[in-house]
Amino acid sequence: MKAAETVSGACLCGGVEIEIDMPAFWAWHDHSEASRRAHGAAYATYAGCWKSKVRIARGEKLVSTFVDAERKHVRSFCSRCGTPLMFARGGSPKWLNVPRALFAGRIGREAKYHLAIGELQDWAYLGAPVGPLKGYPGVSIEKSRKAPRAKAGLFEP
């Protein structure tokens, strides 16, 4: 049997390195309030993996956990930089969800699915056109969404 290809990812400070076997089972965007708050972002993008396909390659002593006793969910994060590392749902003991952003390279799955889309926030960026903000290098601003003006004589009331 051929050995699985692995891909590694790391937290912000680099203290914790996680490996997963490729391909990840699936990937999705989670718009739920719990993930939004845990990540401090409009939504979290996860790679879902069998627990047996995920390893902490370095920095195990830096991994801290938060247990949601009511739901029996466990969220792991780096105790040094606070980066979310893993999310285990109480009702899915064989699965681990790993934030997609930990991995610079491909994981074998594209995030094409959305969970809790009904909880999408009205302030989330949804791909509007952007352009550079004058005087602020590296900063972009959403372009106005003006309706195209009708040319004189083309449209009659």
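Is F25 buried, exposed or partly exposed? With a relative accessibility of 46%, F25 counts as partly exposed; the class lies between buried (under 20% relative accessible area) and exposed (over 50%), with a 1.4 Å probe and protein chains only. The model is predicted: local features need pLDDT of at least 70, side-chain atom pairs count only at pLDDT 80 or more, and totals for chains, interfaces and linings use all residues. Residues are numbered from 1 along each chain as its sequence is written, and side-chain values use heavy atoms, with hydrogens and water left out.

Seven aromatic pairs are found in a search of the whole structure. Rings of Phe, Tyr and Trp (its six-membered ring) pair if their centres lie within 6.5 Å; planes under 30 degrees apart are stacked, over 60 edge-to-face, and the rest tilted. F25 and W95 form an edge-to-face pair, at 4.8 Å centre to centre and 65° between the planes. F25 lies in the loop between β2 (17-21) and β3 (26-30), and W95 in strand β9 (residues 95-99), so the pair ties together parts that are 70 residues apart in sequence. Strands (E, at least two residues) are DSSP runs, numbered from the N terminus. Ring pairs also link W26, W28, Y46, F87 and Y113 into a cluster. The charged end of R75 sits over the ring of F87, 4.0 Å from its centre (cut-offs: NZ of Lys or CZ of Arg within 6 Å of the ring centre and within 35 degrees of the ring normal).

Strand β3 is mostly covered, with four of its five residues buried. Strands pair if DSSP finds at least two bridges between them. β3 runs antiparallel to strand β4 (residues 44-50), joined by five bridges. Here H29 stands opposite T45. With strand β10 (residues 113-115), β3 pairs in the parallel sense over three bridges. D30 has L115 of β10 as its bridge partner.

Backbone geometry was also examined. Most residues other than glycine have a negative phi, and most peptide bonds are trans. A cis peptide bond joins M22 and P23, with omega of about -5°. P23 is placed in the loop between β2 and β3. K72 is not a glycine, yet has a positive phi of about 65°. This residue, K72, lies in the loop between β6 (63-68) and β7 (73-78) and counts as exposed at 59% relative accessibility. A116, also not a glycine, has a positive phi of about 55°. A116 lies in the loop between β10 and β11 and is partly exposed, at 30% relative accessibility.
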